[in-house]
Structure formats: C-alpha cells, structure tokens
Amino acid sequence: MISLSPTYQELEAIYGRTIGRGARSVSVSAIRPGDGATTLAQALAARSAAAGLRTIYLDLNLHRPIIRALDTSWRPGDRSVANVLQPSADNRGFDLVPAP
C-alpha cells in the first residue's frame, strides 16, 4: 500500500469535496500573508488539470501576485481575459491570469 503525506491527503479531501463533486469554481483566501492560500490554490489548479479539466488560475492577490500582468490594460470586469492568459511557469497544466 502506498503511504500518502498528510498534506497530499488534505489536498485530495478538499478537491473531492469541491471540484470532485462538480464545482466549477473555487475561491481560496487568507487572513495573513504566508497562510498558504496561494500554495493551496496552485495545488488545486494543478490537481484539476491533472484530472483533465480545463483549468484557469485567476490571481487576484494584489499585494503579492504570482506574476505581474504583462498587459496592463486588463482590469477585473473586462469581458475577456484571453489576451492575458499565460501558461503556468512550471508547466503544471493550467493557465494563469495574472493580477491586474
């Protein structure tokens, strides 16, 4: 039998209760910097992509975004973000919409 780390088991439990049950979007937030919201959101995005789902990670962390938008004309509320979609830096299978 394969032994899984508690962190991986927790990720699978969250995935199973949300996306695994058909949720089409998941929001992850934190109270303080360093709480792990970005890590969890990226892990859920990678897990969804690994399951064959079309996955877009929308980074709305305005204080510490993963990467800055290259196209500064995009703003929340715009009808399309297709022009700013970027593949994840580590090729984890999901697309990223950087913070405006």
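**The largest pocket and its setting**

The largest pocket is lined by 33 residues, and Val26, Val28, Ala41, Tyr57 and Leu58 lie nearest its centre. Two elements give two or more residues to this lining: helix H2 (37-50) and strand S1 (56-58). H2 gives the most, with six residues. A pocket here is an open set of points on a 1 Å grid over the protein atoms alone, where a 1.4 Å probe fits, with protein on both sides within 12 Å along at least five of seven lines; lining residues have an atom within 4 Å of a point.

The model is predicted: local features need pLDDT of at least 70, side-chain atom pairs count only at pLDDT 80 or more, and totals for chains, interfaces and linings use all residues. Residues are numbered from 1 along each chain as its sequence is written, and side-chain values use heavy atoms, with hydrogens and water left out.

The volume of the largest pocket is about 1,100 Å³, taken as the space filled by probe spheres set on the points, which are joined across faces, edges and corners. Its lining divides into 17 nonpolar, ten polar and six charged residues. Ala, Val, Leu, Ile, Met, Phe, Trp, Tyr, Cys and Pro count as nonpolar, Asp, Glu, Lys and Arg as charged, and the others, Gly among them, as polar.

The chain holds two helices and three strands. Their order along the sequence is α-α-β-β-β. Helices (H or I, at least four residues) and strands (E, at least two) are DSSP runs, numbered from the N terminus. Of the 100 residues, 26% count as buried, meaning under 20% relative accessible area with a 1.4 Å probe, protein chains only.

Methods. Buried means under 20% relative accessible area, exposed over 50%, partly exposed in between (1.4 Å probe, protein chains only).
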